[in-house]
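Open the model in your viewer and keep the sequence panel beside it. The tour below goes from one selection to the next.

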Amino acid sequence: MNDTPILKIENLGHAYGRYMVIQDISLEVAPGELTALIGPNGAGKTTFYNSVSGGFRPTAGKVYFDGRDITGLPAHKLVPMGLLRSFQITNIFPNLTVMENILVPLVLHYGKGYAFLGSLSREKKLHRKAEEVLDKVGILSSAHRPAAELPYGDKRLVEMAIVLAREPKLVMLDEPTAGMNPEETDRMIQLIRELAARFGTTFFLTEHDMKVVFAVASRIYVLHQGVLLAQGDQETIRSDPRVREAYLGGSVDD
Ligand SMILES: Nc1ncnc2c1ncn2[C@@H]1O[C@H](COP(=O)(O)OP(=O)(O)OP(=O)(O)O)[C@@H](O)[C@H]1O
């Protein structure tokens, strides 16, 4: 069994100018583990997310992905290694069909060196791959509809299909359900759980919606004023008085 952590973070810190926003964060994520980093507004979650997933170079610490030092590498270099970050819904091309929305990143991802070129044309193989991922997430029947026509929740499924098409080992999501209604949020939760269960994809969420966190994550880290305040399973986090205090009481419960 491979026991190399998929993600290992050592003493991570980031400052905007002189303002130290996150400090001394160390954690490890095992392959397949569903992890969330939670914290009140302004705790530094997005800064953490960007420091780890290629948004910018952190000012302190080290980030290892699958045993390799990736500290400060930009997101586009992390993608071929298998570390993806989610993108906003606006990155879906509304005038292209759902299928084309999957094909464009697939072409960019595999480029001319697409590995399993055989008797079929490269285009056919990419097409088949796109159909495969659309089927996996359950929107193959919408393949030839313009993405703009899809309801919001289905657009997020397209986004996930785009993610899956690139065969990630780790997906980092920054508030994946932001802007969604409760029904769409539930679908997203189901999708993350299903992708993890069926395809072994490791997810790391930064999130302040407790409903999402408790529905998805088995391991939770709590960030407060830029430092890790607590970590553990759901029960440990729910019952930690410091976490309740940080959330001003009550809102830790969903
Ligand atoms: N580019 C920046 N320059 C200066 N300060 C910033 C910048 N980005 C964020 N900050 C500050 O850093 C702190 C942490 O912000 P961050 O967005 O990482 O927190 P967060 O936990 O994601 O918050 P939220 O849940 O509100 O999105 C905040 O005080 C914020 O104002």
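In which helix is the place of V107? Select V107 in this predicted model: the residue sits in helix α3, which covers residues 98–110. V107 counts as partly exposed, because 15 other C-beta atoms lie within 10 Å, and a residue needs 20 or more to be buried. V107 and R122 are separated by 15 residues in sequence, and their C-alpha atoms are 9.6 Å apart in space.

**The whole chain**

Zoom out and colour by secondary structure. The protein has nine helices and ten strands. Its C-alpha trace spans about 60 × 40 × 40 Å along the principal axes. How does the radius of gyration of the protein, 19 Å, stand beside that of a compact globule? For 254 residues, a compact globule would have a radius of gyration near 18 Å, so the 19 Å of the protein agrees with that shape. Buried residues account for 35% of the 254 residues. Of the contacts between residues at least 6 apart in sequence, 66% join residues at least 24 apart.

Select β1, residues 7–16, together with β2, residues 19–29. These two strands pair in the antiparallel sense over seven bridges. To find one of the bridges, pick I9 and look across to L27 in β2, its bridge partner. Then go to the turn. The hairpin of β1 and β2 has two residues between the strands, and G17 in this hairpin takes a positive phi near 65 degrees.

**Around the ligand**

Which residues surround the ligand? Select Y16, Y19, V21, G39, N41, G42, A43, G44, K45, T46, T47 and H208 to show the shell. Two elements give two or more residues to this shell: β2 (19–29) and α1 (45–53). The largest share, three residues, comes from α1. By class, the shell holds four nonpolar, seven polar and one charged residues.

Hide the side chains and show the strands as a cartoon. Strands of a sheet pair through backbone hydrogen bonds, and the pairing is either parallel or antiparallel. Here, six strands form an open sheet in the order β6-β7-β8-β3-β9-β10, and the pairing is mixed. From one strand to the next, the twist averages 15 degrees. Which strands stand at the edges of the sheet? They are β6 (83–85) and β10 (227–232); each has a single partner strand, so one side of each is left without a neighbour in the sheet.

β6 pairs with β7, residues 170–174, in the parallel sense over three bridges. Within this pair, L84 stands opposite V171 in β7.

Next, select β3, residues 34–38. On one side, β3 and β8 pair in the parallel sense over five bridges, with A36 facing its bridge partner L205 in β8. β3 also runs parallel to β9, joined by four bridges, and here L37 stands opposite Y221 in β9.

Is β3 mostly covered or mostly uncovered? It is mostly covered, as five of its five residues are buried. Turn the side chains back on for this strand. L34, A36 and I38 point one way from β3, while T35 and L37 point the other way, and all are buried.

**A helix across the sheet**

Bring α1 back into view over the strands. This helix lies across β3, β6, β7, β8 (202–207) and β9 (219–224), and runs at about 150 degrees to β7. α1 is also the element that gives three residues to the shell around the ligand.

**Two loop residues**

Select E175, which lies in the loop between β7 and α6 (182–199). E175 has a positive phi of about 45 degrees although it is not a glycine. With 17 other C-beta atoms within 10 Å, E175 is partly exposed.

Then select Q225, found in the loop between β9 and β10. Q225 is not a glycine either, yet has a positive phi of about 50 degrees. This residue has 14 C-beta neighbours inside 10 Å, so Q225 counts as partly exposed.

Notes. Residues numbered from 1 in each chain as written. Predicted model: local features only at pLDDT ≥ 70, side-chain atom pairs only at ≥ 80, totals over all residues. Rg over C-alpha atoms; globule rule 2.2 N^0.38 Å. Buried ≥ 20, exposed ≤ 12 C-beta atoms within 10 Å, placed from the backbone. Contact = placed C-beta atoms within 7 Å. Near = placed C-beta within 6 Å. Nonpolar A, V, L, I, M, F, W, Y, C, P; charged D, E, K, R; others polar. Pairing = 2+ DSSP bridges. Axes fitted to C-alpha atoms, helices over the stretch in contact; angles between N-to-C directions.
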